[in-house]
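User: I would like to go through this structure as a series of questions, with the cut-offs behind each term stated as it comes up.

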Amino acid sequence: MAEADRGTADWTGEEDALVEIRDLKKYYPVKGGILNRKVGDVKAVDGVDLRIREGETLGLVGESGCGKSTLGRSLLRLIEPTGGTVTFDGEDVTAASKSRMRELRREMQIVFQDAASSLNPRMRVGDIVAEPMEWLTDLDEAERRERTRTLIEEVGLSEEHLGRAPHTFSGGQQQRISIARALSVDPRFIVCDEPTSALDVSVQAKILNLLDDLQDEYDLTYLVINHDMSVVRHVCDRVAVMYLGKIVEVAPTERLFADPKHPYTKALLSAVPRASREAVDDRIVLGGSPPSPENPPSGCRFHTRCPAVIQPEDYEFDQAAWRAVMDLRQRLDEDELGLEAIRERVAAESGSTDGPDDVPDSAVRSAIRTELGLPERLGDPAAERTLREGLALAVEGEGERASELLGSAFATVCEEVEPPIETLADGRQCACHLYD
Ligand code: ADP
Ligand code: MG
């Protein structure tokens, strides 16, 4: 975090890591049916590799639901991973016994977003801060009390606060208490899961500064989970970007913000409000919401929304038109073209007394094109012929055949092959076929 530590930003993960995550997976069972049997899995974290260097602050960003909290918790074994390994200072945490895990808890702590609900309302602040020491250390009561007093001041509160109940404090103060509690056992690594997201902006900055000061003083390594890119930019040395259970890009913070490589990172960054006006015009708006982690897309998980999705070799598309063709294919695959609704709308808009069934197919085809943002005709005549054939089938109610036709004619590597995460020339890591 501190300027002097910026050297860590160039770290590519080749040297020893304090925390090393390999192929980590966490699936939550989905139950259903009258017998409430397992019918599937939410693949919240699905094969994550990540290395965290001693003393650095690594940011973890991505849309809500992409698996950030699950990753943070399963790497600490607060929830049991489904697969993969985590090593801490060379030791396999995932294989640690219960008693060894208790010892490791001293080294690895977590601070949650919602301080209010993570602080026991029936306990006094002094006991809340001291409790982990009681569980996890050999300190006697006098030593625990002494350390509690030191810590409460360290986080910007004072000794008089120790006798009070947590609900008598503001959100920012409650987060200070949680931080003191996490620090009580003298950890080396802290996962901060959206530590300031519930706080007012002015308070956020104070808490972030506090975390920064404590990092230097206590030699801490942080994983800071945050959906707010401006927070990440301020506090992190490196940033890992997560999409639907996978890491798609890891880069030093400034490099990531100045020159994002993964199309998902670009979209995330372009959505960040900026003071300058030019930013508004090149804002990338991602279509739809993230797909379900229960049934993630094949190949690259981002291909269903990616503005830069790679075109098939034999055609020349305008990129926006190609994205629209992909959207059409997806709607057909999912049987969600909404043909009935389109017919009804076209009938209503025509102003005639004709019902939906009287609407000519040609009008339905052009309504589909308009709805999906497909141009009146594609620039590439061969692609246009195939698209027309597909649209004709779809409008005739042959959605499945249309889907097959367009799927085989317009296949893209992005849906067929999962891009491995690779180290690029500048040392960053990126999982995208554009950089194969
Ligand atoms: P994030 O922190 O990035 O918002 P989470 O890790 O909380 O994401 O969630 C990732 C996915 O896992 C989401 O689809 C979420 O609904 C699901 N999920 C989280 N916790 C559970 C749980 N205990 N049981 C089932 N599904 C869960
Ligand atoms: Mg979360």
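User: At roughly what angle do the axes of helix H13 and helix H14 cross?

Analyst: This is a predicted model, in which local features need pLDDT of at least 70, side-chain atom pairs count only at pLDDT 80 or more, and totals for chains, interfaces and linings use all residues. Residues are numbered from 1 along each chain as its sequence is written, while chains are lettered from A and ligands numbered from 1 in the order in which they are written. Helices (H or I, at least four residues) and strands (E, at least two) are DSSP runs numbered from the N terminus, and axes are lines fitted to C-alpha atoms, for helices over the stretch in contact, with angles from 0 to 180 degrees between N-to-C directions. The axes of H13 (residues 339-350) and H14 (residues 361-372) come within 10 Å, and they cross at roughly 105°.

User: Which orientation class does that give H13 relative to H14?

Analyst: Angles under 35 degrees count as roughly parallel, over 145 as roughly antiparallel, 65 to 115 as roughly perpendicular and the rest as oblique. The crossing angle of roughly 105° therefore makes H13, relative to H14, roughly perpendicular.

User: Which residues make the contact, and how many of them are charged?

Analyst: With contact meaning C-beta atoms, placed from the backbone, within 7 Å, H13 contributes Ile 342, Arg 343, Arg 345 and Val 346, and H14 contributes Ala 363, Val 364, Ala 367, Ile 368 and Glu 371. Ala, Val, Leu, Ile, Met, Phe, Trp, Tyr, Cys and Pro count as nonpolar, Asp, Glu, Lys and Arg as charged, and the others, Gly among them, as polar. On that basis the contact of H13 with H14 has six nonpolar residues, no polar ones, and a charged count of three.

User: Which helices are included in what covers the buried residues of H12?

Analyst: A residue is buried if 20 or more other C-beta atoms lie within 10 Å of its own, exposed if 12 or fewer, and partly exposed in between, with C-beta atoms placed from the backbone. In H12 (residues 319-333) the buried residues include Trp 322, Arg 323, Met 326 and Arg 329. Their cover includes H14, helix H15 (381-395) and helix H16 (399-409).

User: Which element gives the most to the shell around ligand 1?

Analyst: Taking a residue as near when its C-beta atom, placed from the backbone, lies within 6 Å, the surroundings of ligand 1 include Tyr 28, Gly 67, Lys 68, Ser 69, Thr 70 and Pro 293. By class the shell has five nonpolar, six polar and one charged residues. Two or more residues come from each of strand E2 (37-52) and helix H1 (68-75), and the most, three residues, come from H1.

User: Is Leu 244 buried or exposed?

Analyst: Leu 244 lies in the loop between strand E9 (238-243) and strand E10 (246-252), and its phi is near 45°, a positive value in a residue other than glycine. Because Leu 244 has 25 C-beta neighbours inside 10 Å, its class is buried.

Technical notes. Two residues are in contact if their C-beta atoms, placed from the backbone, lie within 7 Å. The expected span of a helix is 1.5 Å times one less than its number of residues.
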